[in-house]
Amino acid sequence: MKLNLMSSAAVCVALAAAPAAFAQSSAYHAPRTAYGQPDLQGAWTNATITPFERDAKYGDRLALTDQEVKALEGANAQLVADGNKPTDPKAKVTDLPQNCGRGFVGVDCGYNSAWVDPGTTIIDMGGVKRDSIIVSPANGRLPKMTPDAAARMQARVTGARRASFDNPENRSLGERCILSFGSSAGPPMLPLLYNNNYQIVQTRDEVAIEVEMVHDIRHIRLTGGHPPAGVKLWMGDSLGHWEGDTLVVETTNMRPEQNFRGASVGSKIVERFTRVGPNQIKYSFTVDDPQIYTAPYTGEVALNATKGPIYEYACHEGNYALPGILAGARTEEKQALAAPKAAGTGGKE
């Protein structure tokens, strides 16, 4: 009981301190560019071990206690340490651990915690250590999908599993080096297993964001309007404007292949970039997609200053995974066709 009371008190202190901390951040005024705009330029990273959705055990609580942060960051450090341990050079793939962390098991343990770099810390904004990226709904989890959308999602997943090895077009966009893995380029721009760095450059009429993962470039125009609805673009069409110190970006016209969390081509994503200190940008996004979700949802991520430059991501150089996967599938198909024939001859040709 004493420990529970102490934890509850720590949460109350963290939440009580949050308004004061945010008040200090709101008093900060970003430097200006030569065009008089708030300066967002530089190299930034959104690397974090804070998950996209909140663990249900936290309920509607956004702030983690110091003890909870220490436990989560310590567990991540242990994953990295375990991944860095030397592997027996005589070990076979089948000898690898069943679980090597971050969801990798069995043969996938060749891609273990030693090779990924999702970050080492929990999101800290205004002194509040966040337990999820999603902040609305209050439970930190995605809203319910509409019944029709849920049914379509299930059918698409089932069909993708059956056809995923048929041809290159059925493989993921990241695997084909067309667009970043996950939603690194966005929108929304979210952290993933590695390469969580961005370079922001501004002109009078545009904000450009170079994304480290797969070397994507987002162009955010500050003039004009969106193209007709039938024009679909990778990363959508992003149109921005300034509201005080905040860059507000509305993105529409997304390509159907870029369906983050089941998003429809009619989705609208509004992002907000606010420099809240010399070394941090508060990045928030709201996804409004009534064809898929029963309510909009909002998330927040800290973009923290990091050393540049952002190096080129050479996606296909020396990458034999895609032809290897397809070649393996063709081999399995040939073996399956040959099996009945071999059985009919007693295994003799």
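Me: What do S5 and S6 form, and how many residues stand between them?
Reply: S5 and S6 form a hairpin, with three residues between them. Strands here are DSSP runs of E with at least two residues, helices are runs of H or I with at least four, and both are numbered from the N terminus. This is a predicted model, in which local features need pLDDT of at least 70 and side-chain atom pairs count only at pLDDT 80 or more, while totals for chains, interfaces and linings use all residues. Residues are numbered from 1 along each chain as its sequence is written, and side-chain values use heavy atoms, with hydrogens and water left out.

Me: What makes S5 and S6 a pair?
Reply: Two strands pair if DSSP finds at least two bridges between them, and S5 and S6 have five, so they qualify. Their sense is antiparallel, and Gln-199 stands opposite Glu-210 in S6. S5 is also joined to strand S1 (residues 42-45), by four antiparallel bridges; there Gln-199 is the bridge partner of Ala-43.

Me: Why is Asn-195 called buried?
Reply: Its relative accessible area is 19%, which is under 20%, so Asn-195 is buried. Asn-195 lies in the loop between H3 and S5, and its phi is positive, near 55°, though the residue is not glycine. His-215, in the loop between S6 and strand S7 (216-221), also has a positive phi, of about 60°. At 33% relative accessibility, His-215 falls between the two cut-offs and therefore counts as partly exposed.

Me: What makes a set of residues a nonpolar core?
Reply: The members are buried Ala, Val, Leu, Ile, Met, Phe, Trp, Tyr and Cys residues joined through side-chain atoms within 4.5 Å. The largest one here has 37 residues, and those with the most contacts inside it are Phe-52, Phe-273, Phe-285 and Tyr-297. Elements giving two or more residues to this core include strand S10 (268-277) and strand S11 (280-288). Apart from it lies another core of eight residues, among them Val-116 and Tyr-194.

Me: Why is the pair of Phe-52 and Phe-260 called edge-to-face?
Reply: Aromatic rings (Phe, Tyr and the six-membered ring of Trp) pair if their centres lie within 6.5 Å; planes under 30 degrees apart count as stacked, over 60 as edge-to-face and the rest as tilted. The centres of Phe-52 and Phe-260 are 5.8 Å apart and the planes are at 80°, so the pair is edge-to-face. The two residues are 208 residues apart in the chain. Phe-52 counts as buried, at 11% relative accessibility.

Me: Where does the charged end of Arg-255 sit?
Reply: That charged end sits over the ring of Trp-234, 4.2 Å from its centre. The rule asks for NZ of Lys or CZ of Arg within 6 Å of the ring centre and within 35 degrees of the ring normal.

Note on methods:
Buried < 20%, exposed > 50% of the residue type's maximum accessible area, 1.4 Å probe, protein only.
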